[in-house]
Protein chains: 2
Amino acid sequence: MTLKTVTLKTAQTTLAEGVTELGIGHPSPWLLPLRELESAAAHRFAQGDASFLQYGTELGDGFLLTELAQFLSREYALPVPTGELMISGGISQALDLCCAALSQPGDTILVEDPTYFLSLNIFRDHGLKVVPVPVGDHGMNLDALEALVRQHRPRLVYTIPTHQNPTGTTMPQAQRTRLAELAQQHDFFVLADEVYHLLTFTGTPPHSFAAHVNTGKVLSLGSFSKILAPGSRLGWIHAAPELLSCLIANGMIASGGGFSPLGGALIRSMFELDLLPGYIQGLRDTFRGRAAALGDALDELRSLGIRFQRPSGGYFIWVTLPDGVDSVVLLDRAVANGVRYQPGPKFSPDGGQRGQLRLCFAYYAEDDLRGGVQQLGQALQETLREG
Amino acid sequence: MTLKTVTLKTAQTTLAEGVTELGIGHPSPWLLPLRELESAAAHRFAQGDASFLQYGTELGDGFLLTELAQFLSREYALPVPTGELMISGGISQALDLCCAALSQPGDTILVEDPTYFLSLNIFRDHGLKVVPVPVGDHGMNLDALEALVRQHRPRLVYTIPTHQNPTGTTMPQAQRTRLAELAQQHDFFVLADEVYHLLTFTGTPPHSFAAHVNTGKVLSLGSFSKILAPGSRLGWIHAAPELLSCLIANGMIASGGGFSPLGGALIRSMFELDLLPGYIQGLRDTFRGRAAALGDALDELRSLGIRFQRPSGGYFIWVTLPDGVDSVVLLDRAVANGVRYQPGPKFSPDGGQRGQLRLCFAYYAEDDLRGGVQQLGQALQETLREG
């Protein structure tokens, strides 16, 4: 690909005209906290302290880390010590850093199948061998995992334990404990991508993997992308201090300092003004309503043979199509009917999951979600009629 | 190292009490553009457009790139097309990305000796073999480079062509052209770290390596750290569009989007409000005065046998000590006298440069610089008396 022209575009989101893009995993632009961050910026600049414009400490601003530790301790109902946290450049950057620090090219990483598709190229950039582990109704299948661990002796295991992308499934408490124990027994690191944990809108999820950080084999990765703003490109890594020392022994961090002190300073003010909890609660309320609307609309398609679980948080519903319907083949007809989704094979390290597709309820309002499902239903009916 | 306690600290800068830290390569905190960025933030949030809080386009905000292209075209007196620019996370991140995209572990990179010491670990993180090239009064010695190129067949050559760190030397125009030609003949990439180019306070420097980007073998790396704020962790890569496509074919960028859209949005407003040129001119005036003060103070030590060149820009003066004085040994006595500097071996890939040291004039005001040189003179006199 050669970039000959430049589009005057700020956001990564690309929408085709006349198509409801239920494949997009981004939040609605109108949900983004413009006014909250405007207040935070005004507060931060009003302090008269320019130190957040200087090269930042490697782990991130100590004041921000202290606020974050208090926030996570409350949200997780677990003690999260400040000394176990560092600021990252979001989950993607955290995964990149963990691969660089904790693995060598040629090492094996076990990942859920299906999993967050864009993580796979990060692992491949580091020369890792990616081995899939099946996902069931309760997240990663740990019997399968244990067999694969014995076979492949992985260095890393990547999981999205809560409201998984793309399946929306959540790993129960007992499985989390077992995974942490397996990591100790078989000497691998668990990279727990907990990006949706704080977006639980129904009930209470099992404990975050923060509960297992003290084993020294578990890293809990969080992000401000999903609870504040993707454009901040900031998140955190919660890990044993020895592991944090290892992560910041990195040429780029030693040279440039910590990640985006400027952005971090605005988030510090979000905490100091106590604006974050209310903002997140608003997101949960919005997403609860949307997930219900999407679920209700999809219920109407059950008579066509689709199956799905209603999620209790996160961004996604994972739909299993009627037997014999291929999500890649169906996509053209769906687009012709005015709706797009992410076909299952996109999330599978070896191109499986052809009978599945992912719908996102984070971008569109309830009416648009209902409209999109109706169009999907039409595409499905046309396919079944011809089938 | 284990991190048991957390220091409530925002900036990376560490000052020991009672010591003038002439080793620090950071700008004075009171020079940082707190008020300018406060105006920029107010302007940006007032637009009512939240798209900079969304996942950002991989190359960076198109509006910011357009402003940057116009700014660089004016500053460089060369046409810089928008389509040849991408936003980076600063020079360190840009070097990391270039190594990841353009080299393989085991490849060779040629670097100046002495060079920016913190770059060396970035290259080593990527498994590169680092080979030093001597630096003379006019930057990298290109005869030596050419011989080393034939011997080592490098994949990359790293240079700081203007107001080099640490020597303050500037590569003349003819050598720049020759280096770009060598890159074409011998098929290596030039990573030109031009971080100090726009901080020229006396005269006009030769053309930026931007002039050679069209060869497809030269990448000109710039940074907002030195002309605005290190805490923004933002810079740019100016390269042929084919190379930019190659750089953004990176798992982390595809997943997370471009670097810090939030920080970039404030810089976009700095441009739109035309605040940057005046701010940079202020820096140039300040650093011109400080470089003169430091040079005048150092002139007083010439009678002790030191030698140095006065720089025409940048942050540093490189001092050659009298014969037989070792900068590593001298450091203890300097600290005892109340001043610290960076000893020469720190900048040398193989620990040479023992007769040299680096002083920085970006952090301290003129009086402090004079005081520090006086203390350095005392330490030197004590050493020579005992010698």
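**Figure 1. Strand 11 and strand 14 of chain B pair in the antiparallel sense.** This view comes from a predicted model. Strand 11 covers residues 316-320 of chain B. Five bridges link strand 11 to strand 14. Look for B:Thr320, which stands opposite B:Gln356 of strand 14.

**Figure 2. Strand 13 of chain B also runs antiparallel to strand 14.** Strand 13 spans residues 342-343. Two bridges join strand 13 to strand 14. Here B:Pro343 faces its opposite number in strand 14, B:Leu357.

**Figure 3. Strand 14 of chain B is largely enclosed by the rest of the structure.** The strand holds residues 356-360, and five of the five are buried. Both of its faces are covered. On one side sit B:Gln356, B:Arg358 and B:Cys360, all buried.

**Figure 4. A:Leu219 belongs to the largest nonpolar core.** That core has 219 residues. A:Leu219, A:Ile237, B:Leu219 and B:Ile237 have the most contacts inside it. Beyond its neighbours within four places in sequence, A:Leu219 is in contact with several residues, including A:Cys98, A:Leu102, A:Phe189 and A:Val190. A:Ile237 is also among the contacts of A:Leu219, as are A:His238, A:Leu243 and A:Leu247.

**Figure 5. Chain B can be laid on chain A.** The RMSD is 0.0 Å. The move is a turn of 180° with a shift of 0.0 Å along the axis. The two copies are therefore related as by a two-fold rotation axis. The same surface serves both copies, as 100% of the contact residues of chain B recur in chain A.

Note on methods:
Residues numbered from 1 in each chain as written. Chains lettered and ligands numbered in written order. Predicted model: local features only at pLDDT ≥ 70, side-chain atom pairs only at ≥ 80, totals over all residues. Heavy atoms only, no water. Least-squares fit on C-alpha atoms with pLDDT ≥ 70 in both. Contact = heavy atoms within 4.5 Å. Buried < 20%, exposed > 50% of the residue type's maximum accessible area, 1.4 Å probe, protein only. Helix = DSSP H or I, 4+ residues; strand = E, 2+ residues; numbered from the N terminus. Pairing = 2+ DSSP bridges. Core = buried A, V, L, I, M, F, W, Y, C linked by side-chain atoms within 4.5 Å.
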